[in-house]
Amino acid sequence: MKITENINLAGLIFTIDDDALLKLQNYLNAIERCFGSKEEREEILADIEARIAELFQTQLGKSKEVVTMLEVDKIIEILGMPEEFLSYGEKKEIRSFDFVPQKKHRLFRDPDNRVLGGVCSGLGAYYNIDPVILRVLFVICAGLGSLLVYIVFWIVLPPAISLNDKIEMKGYNVKQHAGYRTY
């Protein structure tokens, strides 16, 4: 017999084994430590929790109701370790970092703040404009051409699913502080 608990991830309730809960808490705490006390930490953590909840939903079906260590291990394998979020392949001891504006943005659709396809919210993140302004412009220019441009963007632009995509979409690059040893 295993003890289970109910948890709330991104507004969704999941039943999880105690050992799986401990591993998930340790994983989320490690991610939180990586992001330090930066302003966008809460938004990034909310995005990660939402992604974990989404992955739990796809892994659990009608016949399976409890999240076990197997599902948590799959989530960690899919999302990667916290060090990988920041180091882009280099293994470093990470204690702090800076979000540094990068010269080259990547254009994505933003599925988290979407109304239809996330095109306007992705363009807003790319150009650092409130997406509501872009939505109003699309409505004002509501003609066949405007609709076709929106549909083309919807088809062509990939959604920002991973944490790295979301950071790049907002025009940031994670820069390591010098002086940390590699391992």
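User: In this predicted model, which helix holds Val156?
Analyst: Val156 lies in helix α7, residues 144-156.

User: Why is Val156 called exposed?
Analyst: Its relative accessibility is 60%, and exposed means over 50%, so Val156 counts as exposed.

User: Why are Asp73 and Lys23 called a salt bridge?
Analyst: Their closest N and O atoms are 2.4 Å apart. The cut-off is 4 Å between a Lys or Arg side-chain nitrogen and an Asp or Glu carboxyl oxygen, so the pair qualifies. Asp73 sits in helix α3 (residues 69-79) and Lys23 in helix α1 (residues 18-34), 50 residues apart.

User: Why is Asp73 called partly exposed?
Analyst: Its relative accessible area is 31%. Buried requires under 20% and exposed over 50%, so Asp73 falls in between. Lys23, at 31% relative accessibility, is likewise partly exposed.

User: What makes Arg51 and Glu54 a salt bridge?
Analyst: The N to O distance is 2.6 Å, which is within 4 Å. Both residues belong to helix α2 (residues 41-59), where being 3 residues apart puts about one helical turn between them.

User: How many salt bridges does a search of the whole structure find?
Analyst: The search finds 2.

User: What makes helix α5 mostly covered?
Analyst: Of its 9 residues (119-127), 7 are buried, namely Val119, Cys120, Ser121, Gly122, Leu123, Gly124 and Ala125. Asn128, with a positive phi near 60 degrees, follows α5.

Conventions: Residues numbered from 1 in each chain as written. Predicted model: local features only at pLDDT ≥ 70, side-chain atom pairs only at ≥ 80, totals over all residues. Heavy atoms only, no water. Helix = DSSP H or I, 4+ residues; strand = E, 2+ residues; numbered from the N terminus. Buried < 20%, exposed > 50% of the residue type's maximum accessible area, 1.4 Å probe, protein only.
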